[in-house]
2 protein chains.
Amino acid sequence: MVEHSLDHVFRALSDPTRRAILDRLAEGEATVGRLAEPFHVSFAAVSKHIGVLERAGLVTREARGRERVCRINPAALTGARAWIEFHERFWTNRLDALDALVGKTPGEPGRTR
Amino acid sequence: MVEHSLDHVFRALSDPTRRAILDRLAEGEATVGRLAEPFHVSFAAVSKHIGVLERAGLVTREARGRERVCRINPAALTGARAWIEFHERFWTNRLDALDALVGKTPGEPGRTR
DNA sequence: GCTATATTTAACCATATGGTTGAACATAGT
DNA sequence: ACTATGTTCAACCATATGGTTAAATATAGC
């Protein structure tokens with residue numbers, strides 16, 4: 001429900017390691033330790049990455065004993081998807097409309113007016 | 001067409017100024033100069049931002065005389081949207097399935113087993 | 001050719017990012 | 001209580017980012 005800032009969500013998604021962490025989390029919840037295993041970076045680095053994901057609202061960390069269990073929060077993605085969907089559609093329509101207006105089949109490069 | 005790296009696309013979208021530039025471009029093509037007007041940042045800064053968007057494949061710059069006309073390239077968004085859609089759906093299904101399995105209505109925090 | 005305009009490039013600055021290692025903290029297990 | 005384990009925090013480093021201003025480049029127009 002919290003409004004997850006597009007800034008943070010997009011930023012979080014822009015790193016391949018973080019996307020891989022999300023991929024892994026998609027297979028089910030996991031502790032930080034297990035999340036770190038497949039990556040060649042240090043434990044602390046993964047912890048930081050998870051921090052970024054957490055701040056973006058994409059994952060939650062729950063203390064379970066001395067471990068921290070991470071889970072995914074799909075809701076945090078809806079804002080980002082909505083933004084993209086809207087613009088993708090809007091732009092495409094716009095460009096189609098322009099092309100229709102000009103009656104343009106692509107390939108008149110350098111039209112100077 | 002070109003495979004626009006998710007890294008670059010998400011990164012480009014993570015900045016509010018750049019998203020605003022895209023919004024503005026959605027209203028139609030515009031020169032760098034006109035794009036820079038509404039923003040309080042310097043001309044060069046906007047030029048750089050456009051460079052980022054261009055490298056991500058989100059906009060194209062075409063030289064028209066001494067001006068550069070920027071246009072939007074919606075196709076560059078499809079990869080990002082696909083990623084989000086897939087994961088959003090996948091995760092949601094997963095979590096639903098888990099909840100169904102456990103017959104769990106949320107609210108048993110700190111379950112130690 | 002000279003000058004004005006549009007844009008990029010270069011040099012620079014402050015801060016953020018992603019990475020490291022090692023210390024600190026919290027809990028499990030003996 | 002002690003020790004081992006899981007995780008975070010702190011300090012640090014290199015590089016990237018977003019911003020600036022000033023110089024360089026390219027074209028338009030006289």
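In chain B, B:T31 stands opposite B:V69, a residue of strand 3; strands, of at least two residues (E), and helices, of at least four (H or I), are DSSP runs numbered from the N terminus. This is a predicted model, in which local features need pLDDT of at least 70 and side-chain atom pairs count only at pLDDT 80 or more, while totals for chains, interfaces and linings use all residues; side-chain values use heavy atoms, with hydrogens and water left out. Residues are numbered from 1 along each chain as its sequence is written, and chains are lettered from A and ligands numbered from 1 in the order in which they are written.

**Sheet of chain B**

- Chain B has an open sheet of three strands in the order 1-3-2 with antiparallel pairing, where two strands pair if DSSP finds at least two bridges between them.
- Strand 1 and strand 2 of chain B are the edge strands, each pairing on one side only.
- Two bridges link strand 1 of chain B to strand 3 of chain B, and these strands run antiparallel.
- Between strand 2 (residues 59-64) and strand 3 (residues 67-72) of chain B there are six bridges, again in the antiparallel sense, and B:V59 has B:I72 as its bridge partner in strand 3.
- These two strands of chain B form a hairpin with two residues between them, and B:G65 in the turn has a positive phi of about 65 degrees.

**Sheet of chain A**

- In chain A, three strands form an open sheet in the order 1-3-2 with antiparallel pairing.
- Strand 1 (30-31) and strand 2 of chain A stand at the edges with a single partner strand each, so one side of each is left without a neighbour in the sheet.
- Strand 2 (residues 59-64) of chain A is joined to strand 3 of chain A by six bridges, the two running antiparallel; in strand 3, A:R71 is the bridge partner of A:T60, and A:E67 is that of A:R64.
- The hairpin of strand 2 and strand 3 of chain A has two residues between the strands, and A:G65 there takes a positive phi near 65 degrees.

- The buried residues of helix 2 of chain B are B:T17, B:R18, B:R19, B:I21, B:L22, B:L25 and B:A26; buried means under 20% relative accessible area, exposed over 50% and partly exposed in between, with a 1.4 Å probe and protein chains only.
- At the start of this helix, a side-chain oxygen of B:D15 reaches to within 2.8 Å of the backbone nitrogen of B:T17.
- Helix 2 of chain B is followed by B:G28, which has a positive phi near 140 degrees.
- B:E27 lies in the loop between helix 2 (16-26) and strand 1 (30-31) of chain B, and counts as exposed because its relative accessibility is 57%.
- Although B:E27 and B:R71 are 44 residues apart along the chain, their C-alpha atoms are separated by 10.0 Å.

**Relation of the two chains**

- The same surface serves both copies, since 100% of the contact residues of chain B recur in chain A, contact meaning heavy atoms within 4.5 Å.

**DNA strand D**

- Of the 22 residues around DNA strand D, A:G33, A:S47, A:R61, B:K48 and B:H49 come nearest; a residue is near a strand if one of its heavy atoms lies within 4 Å of it.
- Among the distances to a phosphate oxygen of DNA strand D are 2.5 Å from an N or O atom in the side chain of A:R61 and 2.7 Å from a polar side-chain atom of B:S42.
- A polar backbone atom of A:V32 is 3.3 Å from a phosphate oxygen of DNA strand D.

**DNA strand C**

- DNA strand C is surrounded by 22 residues, the closest being A:S42, A:K48, A:H49, B:S47 and B:R61.
- Of the atoms of DNA strand C within 4 Å of the protein, 67% belong to sugar or phosphate and the rest to bases.
- A phosphate oxygen of DNA strand C is 2.6 Å from an N or O atom in the side chain of A:S42, and one is 2.5 Å from such an atom of B:S47.

Technical notes. A polar contact is a pair of N or O atoms within 3.5 Å; within protein, one must be able to donate a hydrogen and the other to accept it, and residues adjacent in sequence count only if both atoms are side-chain atoms.
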